Amino acid sequence: MKTNILSILSVVLLSALVIGCGSGSKNEVLYMVTEATFPPYEFRQGDDIVGIEVDIVKEIAKELGRPLKMEDMKFDSVIPCVQSGKADFAASGITVTEDRKKNVDFSIPFVKTGLVIVCRKDAPVANAADLKGKTIGVQSSSTSDIYVTQNICEPDRYENAPLAVQALRAKRVDAVVCDQDPAYAMAKNDDSIMILPELLTEEEYAIAFKKGSPLVEAANKVIERMKADGSLEASLKKWRAEMPSAD
């Protein structure tokens, strides 16, 4: 009798462990990390973090039936946080690259974008070739950092793109290379700076997960559904229209 009871208890405990190893129990918090200075994808409205990617991850949490918690941190910390298992995923305007694929798994991409040049109107830059010999500001550990380092020069690195643009306004750098949408936010209502029309790169954003995470499947399902039913396009239009001027 004792043997049977022990066997039953073992089966129950094993089942609980198996259930807990999937995409998480219904009440388990889904933990996201981001760097919320990246409109229209993630930025602050008062005490809340909002934006396109926030809309997506809220739908993922709803799909899984789990509460969502978001933490704002430096961009160069978000992928290491996911790698270590301290966060379930990172949604922070992360460009899919081959190097990053070595460290994390990505969802399917949800938007195509690219890098642009931001300069002062009183000291304009004509094109990418004009950046030679200039001092260029970038966000540390971003694809703009990688692009400028590999193709132009050693850049001046900042914690985020708004800080790089502040340096541009203060004439500490000659130009800034950054992502297209945040550049528009920073140039909004600012007559002192301009954005060159050419894209330096073509990139795609996706959500980053720890290698082997079972959550990727749910994220892909949600992104595919949002593309098909028009809710992703509606989110893009909404937040691009509402993104604040980033000072």
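Which residue follows H6, and is its phi positive or negative? Lys171 follows the helix, and its phi is positive, near 65°. The notes below concern a predicted model.

1. Helix H6. This helix covers residues 161–169. At its start, a side-chain oxygen of Asn160 comes to within 3.0 Å of the backbone nitrogen of Leu163. The buried residues of H6 are Ala161, Pro162, Ala164, Val165, Ala167 and Leu168. An α-helix has 3.6 residues a turn, so residues three or four places apart point the same way. The buried set in H6 includes Ala161, Ala164 and Val165, as well as Leu168.

2. Strand S1, burial. Residues 30–34 form S1, and five of the five are buried, so the strand is largely enclosed by the rest of the structure. Burial applies to both faces: Leu30, Met32 and Thr34 lie on one side, with Tyr31 and Val33 on the other.

3. Strand S1, pairing. Strands of a sheet pair through backbone hydrogen bonds, either parallel or antiparallel. S1 pairs with S5 (residues 68–72) in the parallel sense, over five bridges. In that pairing Thr34 stands opposite Asp72. S1 is also joined to S6 (residues 89–90) by two bridges, again running parallel. Here Met32 has Phe89 as its bridge partner.

4. The three-stranded sheet. An open sheet has the order S2-S3-S4, with antiparallel pairing. Its edge strands are S2 (37–38) and S4 (48–50), each of which pairs on one side only. S2 and S3 (residues 42–45) are joined by two bridges and run antiparallel.

5. The nonpolar core. Which residues of the largest nonpolar core touch the most other members? They are Ile52, Ile56, Ile60, Phe110 and Ile207, out of 29 residues in that core. At least two core residues come from each of S1, H2 (52–64), H8 (215–229) and H9 (231–242). H8 gives the most, with seven residues.

6. Rolling a probe the size of a water molecule over the atoms shows where empty space is left. Searching the whole structure gives one cavity of 30 Å³ or more. The largest cavity holds about 80 Å³ of space. Its lining consists of Glu35, Phe38, Phe75, Ser92, Gly93, Ile94, Thr95, Arg100, Gln139, Ser142, Thr143 and Asp179. By class, the lining has three nonpolar, six polar and three charged residues.

7. The largest pocket has about 290 Å³ of space. It is lined by 14 residues, and those closest to its centre are Ile79, Thr97, Arg100, Ser141 and Ile146. Which helices each supply at least two residues of the lining? They are H3 (75–83), H4 (98–101) and H5 (143–151). H3 gives the most, with five residues. The lining divides into five nonpolar, five polar and four charged residues.

Technical notes: Residues numbered from 1 in each chain as written. Predicted model: local features only at pLDDT ≥ 70, side-chain atom pairs only at ≥ 80, totals over all residues. Heavy atoms only, no water. Buried < 20%, exposed > 50% of the residue type's maximum accessible area, 1.4 Å probe, protein only. Helix = DSSP H or I, 4+ residues; strand = E, 2+ residues; numbered from the N terminus. Polar contact = N/O pair within 3.5 Å; in protein donor to acceptor, adjacent residues only side chain to side chain. 1 Å grid on protein atoms, 1.4 Å probe; cavity = no way out; pocket = protein on both sides within 12 Å on 5 of 7 lines; lining within 4 Å. Points joined across faces, edges and corners; volume = space filled by probe spheres on them. Nonpolar A, V, L, I, M, F, W, Y, C, P; charged D, E, K, R; others polar. Pairing = 2+ DSSP bridges. Core = buried A, V, L, I, M, F, W, Y, C linked by side-chain atoms within 4.5 Å.
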